[in-house]
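Biologist: Before I plan around this protein, I would like to go through the model with you, one question at a time.

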Amino acid sequence: MNHLYPIFLKVHELNVLLIGGGFVATEKLEFLLKSSPQAQVTVVSKMFRPEFLALAEGQETVTLIEDLYDQKYLGGKHLVIAATDDKRVNRQIRTEAKERFLLVNVADTPELCDFYLGGIVTKGNLKIAISTNGKSPTTAKRLRQLLEEVLPEEIDDLLENLNAYRATLKGDFEYKVKAMNEVTEGLVRRESRDEKRDSASCK
């Protein structure tokens, strides 16, 4: 059973420390920037691969520090991602970060992670996170690709319209919840009818 609790972080308002500049670190930074283009990320590494530099180039919210890891870089950070090619250093980062009550992700080591960077589907204001509990990142990737194809781009227009409708509602919280439930319930019923009609046409 997956006991993870999903949350959506405003990483453009948090300070993220990424240690590493190789292939894995490139993947981690790419994931962060794809989901949150204004993510505040400080990167510490003794070297940066060309692919990493190309990704970070022009990103005003990404700061590169060419140096070996030192616990001093943990100061003022909220999240830490350890992505070096040295497992000993990654464990050291984990230990020192936990001493400061920081949340840590250790690349390719699920048992040392406080959080995972799962698959993310974004359609305007809609964002869906996918987790396999660290068991199969490839499966999360395929599910992300499937949802990206299935969900229409117009879904964002629906969200905007529902938000505008909610703003016109008067009354207490309970009334607003009831009204919004009635509107969205109609959408679900319509989708169910469409599925039944499509199924009947295939018989």
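**Reading the model**

Biologist: In which helix does E96 lie, and which residue is its nearest side chain of opposite charge?

Modeller: This is a predicted model, in which local features need pLDDT of at least 70 and side-chain atom pairs count only at pLDDT 80 or more, while totals for chains, interfaces and linings use all residues. Residues are numbered from 1 along each chain as its sequence is written, and side-chain values use heavy atoms, with hydrogens and water left out. E96 sits in helix α3, residues 87-99, where helices (H or I, at least four residues) and strands (E, at least two) are DSSP runs numbered from the N terminus. With Lys and Arg counted as positive, Asp and Glu as negative, and His and the chain ends not counted, the nearest side chain of opposite charge to E96, at 5.5 Å, is that of R100.

Biologist: Is E96 buried or exposed, and what polar contact does its side chain make?

Modeller: Buried means under 20% relative accessible area, exposed over 50%, and partly exposed in between, with a 1.4 Å probe and protein chains only. On that scale E96 is buried, yet it has no salt bridge, a salt bridge being a side-chain nitrogen of Lys or Arg within 4 Å of a carboxyl oxygen of Asp or Glu. A polar contact is a pair of N or O atoms within 3.5 Å; within protein, one must be able to donate a hydrogen and the other to accept it, and residues adjacent in sequence count only if both atoms are side-chain atoms. Such a contact joins the side chain of E96, at 2.6 Å, to the side chain of Y69.

Biologist: How many salt bridges does the structure hold?

Modeller: One of them pairs the side chains of R49 and E51 at 3.4 Å, N to O, and R49 counts as partly exposed because its relative accessibility is 27%. E51 is also partly exposed, at 39% relative accessibility. For the structure, the number of salt bridges is 5.

Biologist: Which residues are linked with R94 in a network of salt bridges?

Modeller: The side chains of R94 and D114 meet in a salt bridge of 3.3 Å, N to O. R94 lies in helix α3 and D114 in the loop between β5 and β6, so this pair ties together parts that are 20 residues apart in sequence. D114 is partly exposed, with a relative accessible area of 31%. The residues linked with R94 in the network are K98 and D114.

Biologist: Why are R144 and E148 separated by about one helical turn?

Modeller: Their side chains meet in a salt bridge at 3.3 Å, N to O. R144 is buried, with a relative accessible area of 16%, whereas E148 is partly exposed at 28%. The separation is about one helical turn because, within helix α4, the two residues are 4 residues apart.

Biologist: Which residues other than glycine have a positive phi, near 60°?

Modeller: Most residues other than glycine have a negative phi. Another lies in the loop between β5 and β6 (119-123) and is exposed at 69%. In that order, the residues are F101 and D108.

Biologist: What is the area of the nonpolar surface patch made by Y5, I7 and L9?

Modeller: Patches are made of residues with over 30% relative accessible area and no salt bridge, like charges being joined within 9 Å and nonpolar side chains (Val, Leu, Ile, Met, Phe, Trp, Tyr) within 5 Å. I7 is found in the segment before β1 (16-19), and I7 counts as exposed because its relative accessibility is 51%. By the Shrake-Rupley method with a 1.4 Å probe, where for residues only the protein chains shown count as cover, the patch area is about 370 Å².

Biologist: How far apart in space are L126 and L159?

Modeller: L126 is found in strand β7 and is partly exposed, with a relative accessible area of 22%. L126 and L159 are 33 residues apart in sequence, and their C-alpha to C-alpha distance is 7.8 Å.
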